[in-house]
Amino acid sequence: MQLFRAAVFHTPTNPFLVDIGARLALVCHEDGGLLVHHGRVAACGDYGEILEANPGVSTVDWRGGFILPGFVDAHVHFPQVRIIGGMGRTLLDWLDEVALPEEARMASREYAADTARLFLRALASHGTTTALVFGSHFADATAELFEAAFTSGLRVASGLVLSDRLLRPELHVAPDRAHSESTMLIDRYHKRGRLLYAVTPRFAYSTTEAMLEVCQQLMSDRPDLLLQTHINENTAEIGEVTRLFPWAGDYLAIYERYRLSGKRSVMAHNVHATSSEIDRLADAGTAVAHCPGSNAALGSGFFPLRRHLGAGVTCALGTDVGGGLGFGLLKEGLQAYLMQRLAPDPQGLDAARLLYMATHAGAEALGLQTEIGDFQTGKAADFVYLRPPPGSVLDAAVRHAADPPQALAALFTLGGSESVREVRVEGDIVFAADHAAALREQT
Ligand SMILES: [Zn+2]
């Protein structure tokens, strides 16, 4: 049993629902304690009270730092880690000129393995403990991601990316091969340790009806798989999809026809959504991964967050690396806040709501809300220990903060990987800044 002492924040209730205001949904313990026993949260509260109830327990003294639930990245592409920062393009051009040439390089198993290790280090070093990840179009490369994820100790849901048209020929697979390769990966990796499998049609644009049927088959064969895809990201894309599926009333209708919308599904973007689509997503229980950095960088548009939340759609945050701005859910939260400040139909956001979107909502999107997302007793001890570098502006800002919510707002505004000191999943260390520094010195 270990008791971690720091300022502790979490959002066990939904700050978008409470009438009393978002600030009260933020649970904070300024001199807090997180008691961990066999990888689970045994208690979360004021340090003194927990110590009194558990005399003699060993304390890890992180005073001056902050403990938050591990972040959940609900949408991110592992093969794109090296191409972050492609400026000046919109979705379809960016895919052709920047993303897909790099994704084609994953044909080399060695290159893919290297990329997977880099990718997982990046997640952990930014405090992300759970991620829903687009794999590669190549089965061997996707297997390398799963192997590296298993070794890393992170919770990773991923899958072979399926496409059979309009990308590059080397990224296309025939539907029957997509089925057999997906099945092989599901058998090998789904529920191995902390891994989960997500059926991953890239988007309706690059999948024929035969491929969508394969996805439907995979989902109906295994009722515990997840599904991830893209929807309504960019107006040119939507125009093409409308042309390719003339029978569909809207983008979502394509996925609905193959029963790909539902409680196990996470759809990224949905920037240009009709009211009917939002209502149907809510009815089906489909979650949306909101990727504000990517939406801005690719000029995709303003996500109608307010309309989604109003209808009852779970909205998690995704970094969408490499269309997005990089790793880190603090930065992604800030970007969500900034875009909503400027959006035509803005949704008010604050630190509590950002924390909720970066943790609890992500857990819900992946169906893991009983396991992770906050520090309720019995949940897995997945957490990040943040401490601003001494002398940094963030250090000054959190010390100067009028109250804990203000300190959390400063973390979202200024916090990055340089403030991540240690990250744990089920109590196991998956990243430690001190170890990382020691390793860098050795090499
Ligand atoms: Zn994406």
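This is a predicted model: local features need pLDDT of at least 70, side-chain atom pairs count only at pLDDT 80 or more; totals for chains, interfaces and linings use all residues.

Trainee: Which arrangement do the 4 donor atoms around the zinc ion make?

Mentor: The protein donors are His75 (NE2), His77 (NE2), His230 (NE2) and Asp320 (OD), lying 2.0 to 2.5 Å from the zinc ion. The angles subtended by the 4 donor atoms run from 89 to 171°. The tetrahedral class requires all angles to lie between 85 and 135 degrees. With these angles, the arrangement is irregular.

Trainee: How many residues apart in sequence are the parts that histidine 75 and aspartate 320 tie together?

Mentor: The donor residues follow the spacing H-x1-H-x152-H-x89-D. Histidine 75 belongs to strand S5 (residues 71-77), whereas aspartate 320 sits in the loop between strand S13 (315-317) and helix H13 (329-342), so the parts tied together are apart in sequence by 245 residues.

Trainee: Is aspartate 320 buried or exposed?

Mentor: Buried means under 20% relative accessible area. The relative accessibility of aspartate 320 is 5%, so this residue counts as buried.

Trainee: Into how many nonpolar, polar and charged residues does the lining of the largest pocket divide?

Mentor: The largest pocket has a volume of about 650 Å³. Its lining consists of 27 residues, with Arg121, Ala124, Val430, Phe431 and Ala436 nearest the centre. By class, the lining residues divide into 15 nonpolar, 6 polar and 6 charged.

Terms used:
Residues are numbered from 1 along each chain as its sequence is written. Side-chain values use heavy atoms; hydrogens and water are left out. Donors are N, O and S atoms within 2.8 Å of the metal (3.2 Å for Na, K and Ca); water is not among the atoms, so sites may look incomplete. Four donors count as tetrahedral if all angles lie between 85 and 135 degrees; four count as square planar and six as octahedral if opposite donors are over 155 degrees apart and all others between 65 and 115; anything else is irregular. Helices (H or I, at least four residues) and strands (E, at least two) are DSSP runs, numbered from the N terminus. Buried means under 20% relative accessible area, exposed over 50%, partly exposed in between (1.4 Å probe, protein chains only). On a 1 Å grid over the protein atoms alone, a cavity is a set of points where a 1.4 Å probe fits but cannot get out, and a pocket is an open set with protein on both sides within 12 Å along at least five of seven lines; lining residues have an atom within 4 Å of a point. Grid points are joined across faces, edges and corners, and a volume is the space filled by probe spheres set on the points. Ala, Val, Leu, Ile, Met, Phe, Trp, Tyr, Cys and Pro count as nonpolar, Asp, Glu, Lys and Arg as charged, and the others, Gly among them, as polar.
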